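Trainee: I am new to this structure. Can we go through it in short steps?

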Amino acid sequence: MPDTGAYLDHAASTPLCAEASDAMVPMHRELYANPTGAHRMARDTRRRIDDARDVMAEALGAAPGEIVFTSGGTEGDNLAVAGRHLAAGGVAVCSAVEHHAVLAPVEHLGGRVVAVHASGVIDMDALAAALDDEVTVVSVMLANNETGMVQPLEQVAEAARSRAPRAVLHTDAVQAFAWLDVASQAACADLVSVSAHKFGGPKGTGALAVREGVALSPLLLGGGQERGLRSGTHNAAGIVGMAAAAEVVLKSRAKQVVRLAELRDRLADGLLGAVEGAVETGERSGKVAGSAHLCFEGVESEALLFLLEDAGVYASAASSCASGAQDPSHVLAAMGYDRGLAGGSLRLSLGYQTEAADIDRALAVIPGAVARLRAYGTG
Ligand code: PLP
C-alpha cells in the first residue's frame with residue numbers, strides 16, 4: 001500500500017465510504033434513466049430516490065415529503081436564506097461565524113450579522129437585539145466548520161419565537177451530521193441543510209429539510225422537481241450514495257464519537273504540551289468530537305501547512321478563499337483573535353477512517369515544524 005499520509009482534513013471533505021460507492025455504481029451503470037420518465041427503468045430509478053428520501057428524512061428528523069435534494073451545503077444554505085427572503089421578504093439574520101454559504105447571502109440581502117462571544121458561541125443579547133417583526137429568517141449553524149463549536153440552537157429558536165414572530169429558523173448542519181444527532185438537536189429548526197461529502201458520501205450532493213408549512217421560493221426554476229423547490233434532473237447516484245453514507249453514520253455515530261474524541265484529545269493535548277504558547281480556540285467540551293483547532297503565535301499557517309504536507313500530514317488553516325490563498329479567518333476575527341495569532345491557525349479534523357497512527361504521525365511532525373518556522377522567523 002502506498003503511504004497516503006495522515007489525512008486530518010475531514011471537515012474539508014471525507015473519503016467516499018464503501019457503502020456509498022457500492023450503492024452508486026449500479027445507479028450509473030444500470031439505473032441511469034431520468035427518474036422523471038414514464039418507463040420501467042425511470043420508475044426503478046425513482047424508487048431508489050424515494051428510498052433515499054426515507055433515509056434522509058429519518059436522519060434529519062423530518063417527513064420524507066419535507067426533504068429537498070440539493071447539490072450540497074452551499075445550495076441548501078442559499079435556498080434556505082435567499083429562498084425564504086424571496087418568499088417572505090423582510091430581513092435575514094445570521095451569526096458572525098456562519099460559513100460563507102450563509103453569510104454571503106445574508107449580507108447580499110442587507111441582513112443583520114450577530115456577534116459571538118470569545119468562545120465562538122452566539123451572543124444571545126446581541127441576537128435578541130437583532131430580532132424584531134421584520135425578521136423572516138434566522139440562520140445559526142449547529143457546528144462550526146473551523147473551530148467545531150456547537151451553537152445553543154434551542155435557545156436561538158426560543159429567542160426567535162418570542163421576538164421575531166415571522167421568522168423561520170435555519171440551521172446549517174453540514175459539520176454536525178457526522179457527530180451529532182441532528183434529528184433531535186435540530187428538531188427546533190424549520191430548515192436544516194446537510195452535505196454528503198462531509199460524512200462519507202459523494203461531493204455535489206446534499207439535502208435541505210423544509211418543514212411542512214414553511215413558505216420558501218425556489219432559486220432554480222425549470223422542470224419543477226422536488227415539489228417545485230429545486231428544478232433540475234436528480235443526481236440519482238449522488239442521492240443514493242448520500243443515503244447509504246447517512247445509514248452508516250446513523251449506525252456507527254455513537255461509537256465513532258467516543259473513539260474519535262479520545263484520539264482528538266490525545267492530539268490536542270499532545271500539541272498543547274509540546275508547542276510553547278499554543279492556544280486552543282474555544283472550549284473543547286463545546287466542540288464536535290472530531291475537531292482540534294489551535295493557533296501558534298509566530299507562525300504563518302500557509303508555511304506550516306506546506307511543511308506538514310511535506311511530512312505527509314494533511315490539514316487546513318482556519319479558512320481559505322477560492323483562489324487557494326489564505327484569508328484571515330472571519331470566524332477567528334469574530335471571536336476576537338488578533339491577526340498575529342489567527343494567522344498561525346491550524347485545523348486538524350478527524351473522521352471515520354482516522355486511526356491512532358494518524359495521530360502519532362501528526363504529533364511527531366507538528367511540534368518540529370512549528371519550531372522550525374519560529375527559528376526562521378516566518379511569522
Ligand atoms: N456549510 C458548512 C458549515 C461547511 O463546512 C461547508 C463546506 O465546507 C458548506 C456549508 C458548503 O458545503 P458544500 O461544500 O457541500 O457546498
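Mentor: Start with one residue pair. This is a predicted model. In it, D172 stands opposite S193 in β7.

Trainee: Is strand β7 largely enclosed or open?

Mentor: Look at both faces. L191, S193 and S195 are buried on one side. V192 and V194 are buried on the other. With 5 of the 5 residues buried, β7 is therefore largely enclosed by the rest of the structure.

Trainee: Now the helices. At what angle do α2 and α8 pack?

Mentor: Helix α2 spans residues 40-60, and helix α8 spans residues 236-274. Their axes lie 9 Å apart. α2 passes α8 in a left-handed crossing. The packing angle is about 35 degrees.

Trainee: How many residues of the contact of α2 with α8 are nonpolar?

Mentor: From α2, the residues in contact include I49, A52 and V55. From α8, they include I239, V240 and L250. Charged residues take part too, among them R48 and E58 in α2 and E247 in α8. The contact divides into 3 charged, 1 polar and, for the nonpolar residues, 12.

Terms used: Residues numbered from 1 in each chain as written. Predicted model: local features only at pLDDT ≥ 70, side-chain atom pairs only at ≥ 80, totals over all residues. Heavy atoms only, no water. Axes fitted to C-alpha atoms, helices over the stretch in contact; angles between N-to-C directions. Helix = DSSP H or I, 4+ residues; strand = E, 2+ residues; numbered from the N terminus. Left-handed = near helix turned anticlockwise from the far one by under 90°. Contact = heavy atoms within 4.5 Å. Buried < 20%, exposed > 50% of the residue type's maximum accessible area, 1.4 Å probe, protein only. Pairing = 2+ DSSP bridges.
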